[in-house]
Amino acid sequence: MNLTDLGWSDFFAHSFAPYGEKGFNIARVAIAYKNTYILYGEQGELTAAVSGKFRHRNHQPEDFPAVGDWVVIQTPESAAQATIHEILPRKSQFSRKTVGSKTAQQIVATNVDTIFLVSGLDGDFNPRRIERYLILAWESGANPVIVLNKADLCNCLDDYLSDVETVALGVPTIVLSATNNQGLSALQPYLQPGQTVALLGSSGVGKSTITNQLKSETVQVVQPVRRGDDRGRHTTTHRELILLPTGGLIIDTPGMREIQMWGSEESLQGTFADIEALAKKCRFRDCQHQHEPGCAVQQALIAGKLDTSRLLSYQKLQKELSYLVRKQDHQAQLAEKERWKKIHKAMRHHHKH
């Protein structure tokens, strides 16, 4: 395999140079299981595990290789599997909060150039969910593209398109029907050789069907969508980096049952640029956009220039993100406390001797 076709660039070459001089090799993570990894490199497909030193040094899940990562490896001739020693700095990373009550980051995919945010044009269509995905996409450092699939099942396309236009300002939108192989050529500009695209969306929106059509073969099993709620079953069980015949790379991801926020104020501002622009015109700087005099946001609601559901979504996501930041700060304080406890213990131990 050619490294350039796998997405290698000067950005990574610069970070890898010192390792290359020491005789290490490089490969890209295609699949990440619990303790083993499938890698693609110049030697072809490899199985790998992290070194003991790496495991000892890293304790957080986000410190371990994720799909899309470039890893520094050693491939002893006698051994059946390669050893991962380092992860190269990531150009982009798409993360969400882990499902459940724990405040921890889950990395979905890294070193992605474009994120296809896939929605079904059936009963699953939901502008609020698109907003949530957009915050995560902007936070990742990759460029979002809205992909509206199942056009063959939709009788009110114009309505859905205007909904998307109000929530995804300036984001390219592509309409297609993957099952009928219609409109897929519009995805091609994003799938040039060496370009990596991640497919994200809830279950049943057709991510696996899109992957199969682009690959021209069944690489991902497709299951019918449940009748009644247009929700699919989780067909893709793990994330995987797939090489396309055109030279692009695609990361298909399991459908997300819940999109837990993991982002910053800037990503929220980028997603709701229309509300942010209005807020700047409010009379008071700390306007809560409720009943304050001279509130430009409330005026826009009355004039019908802003949708109430969009404002409520903005306020809800703002609360979620500020809660997340508070939890992260609290965790950081606890970790710092723990670190100093260990230092003091080590110092006492040292003085005794």
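**How the labels are assigned**

Colleague: Why is N181 called partly exposed?

Modeller: N181 has a relative accessible area of 47%. Buried means under 20% relative accessible area, exposed means over 50%, and partly exposed is what lies in between (1.4 Å probe, protein chains only). At 47%, N181 therefore counts as partly exposed. This is a predicted model, in which local features need pLDDT of at least 70 and side-chain atom pairs count only at pLDDT 80 or more, while totals for chains, interfaces and linings use all residues. Residues are numbered from 1 along each chain as its sequence is written, and side-chain values use heavy atoms, with hydrogens and water left out.

Colleague: Where does N181 sit, and what is its phi?

Modeller: N181 is in the loop between β10 (173-175) and β11 (196-200), and its phi is positive, about 55°, although N181 is not a glycine. Most residues other than glycine have a negative phi. K150, also not a glycine, has a positive phi of about 70°. Its place is in the loop between β9 (143-149) and α4, and at 11% relative accessibility K150 counts as buried.

Colleague: What makes a run of residues a helix or a strand?

Modeller: Both are DSSP runs, numbered from the N terminus: helices are H or I with at least four residues, strands are E with at least two. The protein chain comes to nine helices and 13 strands.

Colleague: Why is E131 called buried, and what does it touch?

Modeller: E131 has 0% relative accessibility, so it counts as buried. This residue of helix α3 (residues 127-140) is in contact (heavy atoms within 4.5 Å) with V167, T271, F272, R310, S313 and L317, leaving out residues up to four places away in sequence.

Colleague: What makes the pair E131 and R128 a polar contact?

Modeller: Their side chains are joined at 2.9 Å. A polar contact is a pair of N or O atoms within 3.5 Å; within protein, one must be able to donate a hydrogen and the other to accept it, and residues adjacent in sequence count only if both atoms are side-chain atoms. The pair therefore qualifies, with 2.9 Å lying within 3.5 Å.

Colleague: How do you know that the buried residues of α4 line one face?

Modeller: Helix α4 (residues 157-167) has Y160, V164 and V167 as its buried residues. Seen down the axis, they fall within an arc of 70°, so they line one face of the helix; the arc is that of the directions from the helix axis to the C-beta atoms. The exposed residues D158 and E165 are on the face turned away from the buried side.

Colleague: Why is helix α5 called largely enclosed?

Modeller: Eight of the nine residues of α5 (residues 207-215) are buried, so the rest of the structure largely encloses it. Those buried residues pack against β8 (114-120), β9, β11, β12 (240-243) and β13 (249-252). Just after α5, S216 takes a positive phi of about 65°.

Colleague: What makes a set of residues a nonpolar core, and how many residues has the largest?

Modeller: A nonpolar core is a set of buried Ala, Val, Leu, Ile, Met, Phe, Trp, Tyr and Cys residues joined through side-chain atoms within 4.5 Å. The largest has 42 residues, and those with the most contacts inside it include W8, W70 and L117. Helix α3 gives the most to this core, with five residues. Another core lies apart from it, with 18 residues, among them F116, V145, I174 and V205.

Colleague: Why is P65 called buried, and where is it?

Modeller: P65 has a relative accessible area of 7%, so it is buried. Its place is in the loop between α2 (52-57) and β4 (70-74). Leaving out residues up to four places away in sequence, P65 touches V29, Y37 and F54, among others.
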